[in-house]
Amino acid sequence: MITIDEARSRILRQVRKNPTTHRPLLESVGLVLAEDVISDVDSPPHDKSLVDGFAVRSSDEGVASRQLQVMELVTAGELPTVRVQPGTAVQIMTGAPVPEGADAVVMVEQTDADQMSRPEQVCIRGGNVVPAQYILLRGAAMKRGTEVLPSGHNVRSVDVGLLAEVGCCQVPVIAPPRVAVLATGNELIDARQLPTAGRIRNSNGPLLCALSASLGTRVSDLGIAPDQTRLLRQ
């Protein structure tokens, strides 16, 4: 009989790092990254509005108290076609790119505009307008060329969205370990059988298979072997 520590030590002396493989994005959860994952984009890819509202110039004299001419409507997925000039604004939806010339966004609730309308003019009301108001700057979340997940990271469900955002659809991971489970004992029978005198069902084998599978390993159930050296070696 040997101790648990000695058994573990003998096993680990035989362990070798598995090679790198690539798995589809949705099959990478629970596996370990073999390489650093680098972003190929800025996120967000442009200065974007955080609210539905109007893109304006914060330095525009009297912007918070007078009528501004609305030049166009920009929704998420579209690009602005005009530059915001003094006395003008661009109606903008959440996530849309901020047009040139504008450095602030005023939410629609702080204007006299109907949220569902496309007004020709808008009056900004309530408080000062400050630079960068309700704008998320390009690359604020992550910049192109930066590491987003390190080698050795265990991929979680929450990481899948990040991997998708940086285009990592074939994920470089370490091939999962392979585990073979062999239950031994003359007294053991298959769990599907009814025990006779002196026999018991094999419960430890299925338990160890399930525990191994829960750790992301590839499990082979070798069944039951009697207490005979020749058969065990086979």
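Predicted model: local features only at pLDDT ≥ 70, side-chain atom pairs only at ≥ 80, totals over all residues.
Mentor: Local features here require pLDDT of at least 70 and side-chain atom pairs count only at pLDDT 80 or more, while totals for chains, interfaces and linings use all residues. Residues are numbered from 1 along each chain as its sequence is written, and side-chain values use heavy atoms, with hydrogens and water left out.

Trainee: How many helices and strands does the chain have?

Mentor: Helices (H or I, at least four residues) and strands (E, at least two) are taken as DSSP runs, numbered from the N terminus. On that basis the count for the chain is four helices and 15 strands.

Trainee: What is the radius of gyration of the chain, and why is the chain described as more spread out than a compact globule?

Mentor: The radius is taken over C-alpha atoms, and the globule rule is 2.2 Å times the number of residues to the power 0.38. The C-alpha atoms fill a box of roughly 95 × 40 × 30 Å along the principal axes. For 234 residues the rule gives 17 Å, and the chain is more spread out than a compact globule because its radius of gyration is well over that, at 31 Å.

Trainee: What percentage of the residues in the chain is buried?

Mentor: Buried means under 20% relative accessible area, exposed means over 50%, and partly exposed lies in between (1.4 Å probe, protein chains only). Of the 234 residues in the chain, the buried share is 33%.

Trainee: Which residues of helix α2 are buried, and against which strands do they pack?

Mentor: Helix α2 covers residues 157–165, and its buried residues are Asp159, Val160 and Leu163. They lie on the same side of α2 because they cover an arc of only 115° around the axis, the arc being that of the directions from the helix axis to the C-beta atoms. An α-helix has 3.6 residues a turn, so residues three or four places apart point the same way. The buried residues pack, by contact (heavy atoms within 4.5 Å), against β2 (37–38), β10 (147–149) and β11 (170–174).

Trainee: Which side chain makes a polar contact with the side chain of Ser43?

Mentor: Ser43 is found in the loop between β2 and β3 (48–49), and it counts as buried because its relative accessibility is 9%. Not counting residues up to four places away in sequence, Ser43 touches Gly139, Ala140, Ala141, Met142 and Glu165. A polar contact is a pair of N or O atoms within 3.5 Å; within protein, one must be able to donate a hydrogen and the other to accept it, and residues adjacent in sequence count only if both atoms are side-chain atoms. At 2.5 Å, the partner of the Ser43 side chain is the side chain of Glu165.

Trainee: What is the omega of the peptide bond from Ser43 to Pro44?

Mentor: Pro44 lies in the loop between β2 and β3. The peptide bond from Ser43 to Pro44 is cis, with omega near -5°.

Trainee: Which residue in β7 stands opposite Gly53?

Mentor: Strand β4 (residues 53–56) and β7 run antiparallel and are joined by four bridges; strands pair if DSSP finds at least two bridges between them. Both faces of β7 (residues 104–107) are covered, with Ala104 and Val106 buried on one side and Val105 and Met107 buried on the other. In a regular strand the side chains alternate between the two faces of the sheet. The residue opposite Gly53 is Met107.

Trainee: Which backbone oxygen lies 2.6 Å from a polar atom of the Thr88 side chain?

Mentor: Thr88 lies in strand β6 (residues 88–92) and is buried, with a relative accessible area of 8%. Leaving aside neighbours within four places in sequence, Thr88 is in contact with Asp60, Leu68, Gln69 and Met71. The backbone oxygen in question belongs to Gln85.

Trainee: Which backbone nitrogen does the side chain of Asn186 reach?

Mentor: Asn186 lies in the loop between β12 (178–184) and β13 (188–189) and is partly exposed, with a relative accessible area of 44%. Leaving aside neighbours within four places in sequence, Asn186 is in contact with Arg199, Pro226 and Asp227. At 2.9 Å, the side chain of Asn186 reaches the backbone nitrogen of Asp227.

Trainee: What is the phi of Tyr134?

Mentor: Tyr134 is found in the loop between β8 and β9 and is partly exposed, at 30% relative accessible area. Although Tyr134 is not a glycine, its phi is positive, at about 55°.
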